[in-house]
Amino acid sequence: MGFHQISVKVNGNDEVVTVSSNMTLLRMLRESLALTGTKNGCAAGECGACTVMLNGEPVNSCMVLAVEVDGQEITTIEGLAKDGQLDIVQKTIIEKGGVQCGFCTPGMLISARALLNRNPHPTEEQVVEALVGNLCRCTGYSRIIESVQAAAERS
Amino acid sequence: MTSAHPGLPEFDYVKPAGLKEASQFLAQHAPEARPFSGGTDTFVRMRDGFFNPKYLVDVKGLEGTRVLKIDEKEGLTIGAAIPMNRVVAFAEASRYPLLVEAAKSVASYQLRSRATIIGNICNASPAGDTIGACLAYQGVLNIHGVDGPKTLPLNGFFTGPGKNLLKPGDIVLSITLPVPPKGHAGRYIKLGRNRLSDLSIVGISAMGVKDSSTKSGYKFHLAIASVAPVPFIPAKAEEILANNALNTETIILAAQAAMDAVTPIDDVRGSAQYRKFMVRNLVNRAVTEIMQKLSA
């Protein structure tokens, strides 16, 4: 099986990584770069626990090959806070109690941040549509949706 | 130990520099080499063991796969590397409302960042959400094969579940949807197990337009997902809608004809009988809603 050396910008840092053909972006982040905030859930593009931004757009990192992101930019949950300050979506999800076990939270927050980047003032329906690919088995979603709306109001 | 989350099986990732090289490689290594674009279906099927290619050939860098343009004469062309979200966000795609509605119904936003319409077509799943719209808009596939470029109409492209007319070495570069009739209306009704994000139990693509050449004064294109081995066009229902005064009774007759023509199977998402009833009810609903839009 082939190996490839790729250059990728992850959370603003330039990284050079050697990856096998069948390594997913998810595995590269967790195992090569030790960025374990991104979670492995279903490994089939359904649960959204592995959501990261690829050039600003949310993707399921289990559905992207590491070799495909050569020359691209990735943002993971570790890259959301800036200068020691949590992102507003991180602050409001804490305030509203939108975190229970926390497994879905990194992917949920990446989807929420990506939504607010493309649509700073979404309706409730638009928030639901944007988060449909992020499954949460604890909260019942209401507090997560409220937290994204609160983040939109404050930003 | 069996892992609950198996990784991808071993393969070699190949990114050809040019079309000729890509087609030759795929033809020489058929059936061990497989083209892919978004990978959202390919990777799932590889993990599930449905196929196990020795080579995955990335088509996203190839000439002609990154096109997304509208031409006043030729219509809309969508490249194989263009993810569904980009099609939805492309302002000119709003001239093809049925396609936009169908694309938005696929899985989740982040999956649609990768999933492509060409991939949806090449997978040839009877459940493919965007295929019906591409059929209704009379799409034509632009292909590069070992003998160079060629085109194939989408109607007739599907030969069975997961099967199509592509030959070893063929790469679908893009699809062109001709300029749609002025004033047409479309509706995609997807019945899933939940309101958003599921695969379809039944999916109805319907497009209608006022047309003075038919007896009814209207022309309809219908395509139905998940009810036959291939995306299904209920020709008799279309004829009924063209040849009779378009009122509630005619729509009931057309919907019944669609129900009688489909040959669904029982599966985990729904029974064959349920699907048949849903075809009748949802064809009726789709056509009725289009008539309301056309007369608004």
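Student: In this predicted model, how far apart do the C-alpha centres of domain 1 and domain 2 of chain A lie?
Tutor: The domain assignment of chain A places domain 1 at 3-76 and domain 2 at 88-154. Between the C-alpha centres of these two domains of chain A the distance is 22 Å.

Student: Which element gives the largest share of the side of domain 1 of chain A that touches domain 2 of chain A?
Tutor: The contact joins 13 residues of domain 1 of chain A to 11 residues of domain 2 of chain A. On the domain 1 side, β3 (51-54) and β4 (57-60) of chain A each supply at least two residues. By class, that side has 6 nonpolar, 5 polar and 2 charged residues. The largest share, 3 residues, is from β3(A).

Student: Is helix α3 of chain A largely enclosed or largely open, and why?
Tutor: Helix α3 of chain A covers residues 105-118 and reaches 20 Å from its first C-alpha to its last, close to the 20 Å expected. A residue is buried if 20 or more other C-beta atoms lie within 10 Å of its own. The buried residues of α3(A) include A:Thr105, A:Gly107 and A:Arg113. Because 12 of its 14 residues are buried, α3(A) is largely enclosed by the rest of the structure.

Student: Which element of chain B do the buried residues of α3(A) pack against?
Tutor: Within chain A, the partners of these buried residues are β3, β4, α2 (88-95), α4 (124-130) and α5 (142-154). From chain B, the partner is α5 (109-112).

Student: At what angle do α3(A) and α5(A) pack?
Tutor: Two packed helices are described by the angle between their axes and the distance between the axes. The α3(A) side of the contact consists of A:Met108, A:Ala112 and A:Leu116, and the α5(A) side of A:Ile144, A:Val148, A:Ala151 and A:Ala152. These are 7 nonpolar residues, with no polar and no charged ones. The crossing is right-handed, the axes are 11 Å apart, and the angle is about 35°.

Student: Which element supplies the largest share of the side of chain A that touches chain B?
Tutor: Here 26 residues of chain A are in contact with 23 residues of chain B. The largest share, 4 residues, comes from β4(A).

Student: Where is the proline of the cis peptide bond between B:Ala30 and B:Pro31 found?
Tutor: The bond joining B:Ala30 and B:Pro31 is cis, with omega about 0°. B:Pro31 is in the loop between α1 and β2 (33-36) of chain B.

Student: Is B:Ala107 buried or exposed?
Tutor: B:Ala107 lies in the loop between α4 (97-104) and α5 of chain B, and has a positive phi near 40°. The cut-off for burial is 20 or more other C-beta atoms within 10 Å. B:Ala107 has 21 such atoms, so B:Ala107 is buried.

Note on methods:
Residues are numbered from 1 along each chain as its sequence is written. Chains are lettered from A and ligands numbered from 1 in the order in which they are written. This is a predicted model: local features need pLDDT of at least 70, side-chain atom pairs count only at pLDDT 80 or more; totals for chains, interfaces and linings use all residues. Domain bounds come from an automatic or database domain assignment. Two residues are in contact if their C-beta atoms, placed from the backbone, lie within 7 Å. Ala, Val, Leu, Ile, Met, Phe, Trp, Tyr, Cys and Pro count as nonpolar, Asp, Glu, Lys and Arg as charged, and the others, Gly among them, as polar. The expected span of a helix is 1.5 Å times one less than its number of residues. Axes are lines fitted to C-alpha atoms, for helices over the stretch in contact, and angles run from 0 to 180 degrees between N-to-C directions. A crossing is left-handed if the near helix is turned anticlockwise from the far one by less than a right angle, and right-handed if clockwise.
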